[in-house]
Amino acid sequence: MGKVTGFLEIDRQVHKYQPASDRIRHFKEFTLPMSDKEVEKQAARCMDCGVPFCHGPTGCPIHNQIPDWNDLVYAGDWENAIRNLHTTNNFPEFTGRICPAPCEEACTLNLEDIPVAIKTIEQALADKAYELGMVRPQPPEKKTGKRVAIIGSGPAGMAAAQQLARVGHDVHVYERESKPGGLMRFGIPDFKMEKHFIDRRVEQMQGEGVTFHCGVNVGVDKTVDELLEGHDAVLYCGGSETPRPAGIPGADLEGVHDAMPYLVQQNKRVGHEDIHSVAWPSQPIVAGGKHVVVVGGGDTASDCVGTAFRQGAVRVTQLDIRPQPPEKENKLAVWPYWATKMRTSSSQAEGAEREFQVATLEFIGEEGALTGVKCCEVDEKRLPIAGTEFVIRADLAFIAIGFAGPFADGVLKDLGGRIEVIKDTRRSTNIAANDKDYRTSVDRLYAAGDVRRGQSLVVWAIREGRQAARSIDEALMGSSVLPR
C-alpha cells in the first residue's frame, strides 16, 4: 500500500504543536495542521507489510481499513479515502484527536520506532471531509416504524443512534446534561478537542432523524420502565463516571477534589454555560495562583494538569504510584501490543513535575483547608518504604485514579436488583452484557460502552455502540444490513 519504497525515502512527520508558552494562554486546540501534500507523503510511507496489524484486533478496535485509505490519500483521492474511513468510523474527527492511536503501536514500522503517522492522517481526512462538504445527513429511504431509546449521548450512544437512524428506526437519545456529547463534551478539555465538532455531528444526526432530549436524567426524571413502554428497545450507554475511592485521609479538606467536577466546570466555562452540573455539583474550582497536586498517572490526570496551567497555576506536580517506565520498550516482547514505556503528554510537557513510584499518604491541612500532600516512596509491591516520607506544598489537589462504574443513583437505583451487574478486576461495577448481542438481564434493555466494559477509550465506545446497534436492528427486524 502507499508507495512501495515510501517508508525508505520519507521520514515520519506528525503535525506540530504551538509552543507551550503560547498554548497555555488559551483553551483552543493547538495542533498545527499539515498541508495536503505533506499528509500525502506520510500516507506514502504505509508499506505492503503483508499482515496489517494496524487494523487488526491488536490495533484498531473499529477495524479502520488503514492501509486502504492511506493508499487513496497517497494517490490524492481524498474523497474515496474519506468514504472508506466513514464505513468503519462514525466520528473520525473525534478519534483523530483524542485516541491514543494503538494502530500506530501495532504498525510494522513501529518495530523501528517510525510508525506511519496514522492518527495525523485520520484527523486530516476527517477535517477534509467537512471542508469538502461530505459530512451530510444520510436519512433512510424508508422508516421501519420501530422506536429505540438510547440513554446517554457519549460516543457509544451517538454511534448507536446514528447507525439505527440510518436504517430507518425512530431514535430518541436521552442526555442528563444540557448538551449531547457525554464526557467527550464535558470531560475532555477543549484544548484536546473543540466542541463544535460534536455540534456538527449532532446537527447531521438530527437531519437523519435522531431526536435529542437533553436535561433528562433517566432513572430520576424519567424511569427506565417508561422508556421500555414507549420504545421497542432501549440501549444504556451511561458511561463509567463514579470516581474510584482513593481512601486517602484528609480527602474532605477544602481544596481536595475528584478530577471530574474540575474538568466539567472548566468545559462549561469555555462553553459559556452555568458551571453547575447535574452529576457533579460543586463550588467553583480554579487553579489560578495555586500550587496544584494531581494524584494519578492517566489521561484524566493529564487533563487536570493542562487545565491547571491554563488557569494560571504556579506549580503543578503529578504523582504516579507506578515506577517510571523505560524510555524504550522491548519490541520483540510486546509488539504489536500497547507498550509500557515513558510517554509525555502535551499537558505534562507544559511544565508538570512528575513523581513516580510515590504513594499519597495523606492530605494535610490547617483550619480545614489543604496546605500539603504527604507522600512516600513505594517498593515494587506498592508498599511504603519507611523513612522516605516527604510533603509537597499544595493549595489544590485532584484525585484522578479512575472510575468505578456508572452512577448508582440513576438507572441502577431505578432498576434495583432487576439488572445484573458484575465486578471486574479493576474494582469496577459494570452492567452485565456480553459483546455479542449486548443484552442485559432486563428484557429489551441493552448496554454498551464504558457502562458495560468499564472505563476505556473513545474508539472502543464507538465500536460497542455500532455493534449494539446491529444487535438491536437484528432483534427488531429479523436481520440487519449494519456492519458488526
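**Helix, rings, sheet and loop**

Colleague: How far apart are the end C-alpha atoms of helix H13 (residues 259-270), and what span should its 12 residues have?

Modeller: Bear in mind that this is a predicted model. At 1.5 Å a residue, the 12 residues of H13 should span 16 Å.

Colleague: How many of the 12 residues of H13 are buried?

Modeller: Buried means under 20% relative accessible area. The buried residues of H13 include Ala259, Tyr262 and Lys268. The helix is largely enclosed by the rest of the structure, because the buried count among its 12 residues is 10.

Colleague: How many residues apart in sequence are the parts tied together by the pair of Tyr262 and Phe398?

Modeller: The structure holds six aromatic pairs. In one of them, the rings of Tyr262 and Phe398 are 4.0 Å apart centre to centre with 20 degrees between the planes, and the pair is stacked. Tyr262 lies in helix H13 and Phe398 in strand E14, so the parts tied together are separated in sequence by 136 residues.

Colleague: Which strands are the edge strands of the open sheet of five strands?

Modeller: The five strands run in the order E5-E4-E3-E6-E17, with parallel pairing. An edge strand pairs on one side only, and this holds for E5 (211-214) and E17 (445-447).

Colleague: Which residue in E17 stands opposite Tyr236?

Modeller: Strand E6 (residues 233-236) pairs with E17 in the parallel sense over three bridges. Opposite Tyr236, the residue in E17 is Ala447.

Colleague: Is Glu241 buried or exposed?

Modeller: Glu241 is in the loop between E6 and strand E7 (256-258). Its relative accessibility is 8%, and the cut-off for buried is under 20%. Therefore Glu241 counts as buried.

Colleague: Which side chain does the side chain of Glu241 join in a polar contact of 3.1 Å?

Modeller: Not counting residues up to four places away in sequence, Glu241 touches several residues, among them Leu183, Trp280 and Phe403. Arg176 is also one of the residues that Glu241 touches. The polar contact of 3.1 Å joins the side chain of Glu241 to that of Arg176.

How values were computed: Residues numbered from 1 in each chain as written. Predicted model: local features only at pLDDT ≥ 70, side-chain atom pairs only at ≥ 80, totals over all residues. Heavy atoms only, no water. Pairing = 2+ DSSP bridges. Helix = DSSP H or I, 4+ residues; strand = E, 2+ residues; numbered from the N terminus. Buried < 20%, exposed > 50% of the residue type's maximum accessible area, 1.4 Å probe, protein only. Polar contact = N/O pair within 3.5 Å; in protein donor to acceptor, adjacent residues only side chain to side chain. Contact = heavy atoms within 4.5 Å. Expected span 1.5 Å × (residues − 1). Phe/Tyr/Trp six-rings, centres within 6.5 Å; stacked < 30°, edge-to-face > 60°.
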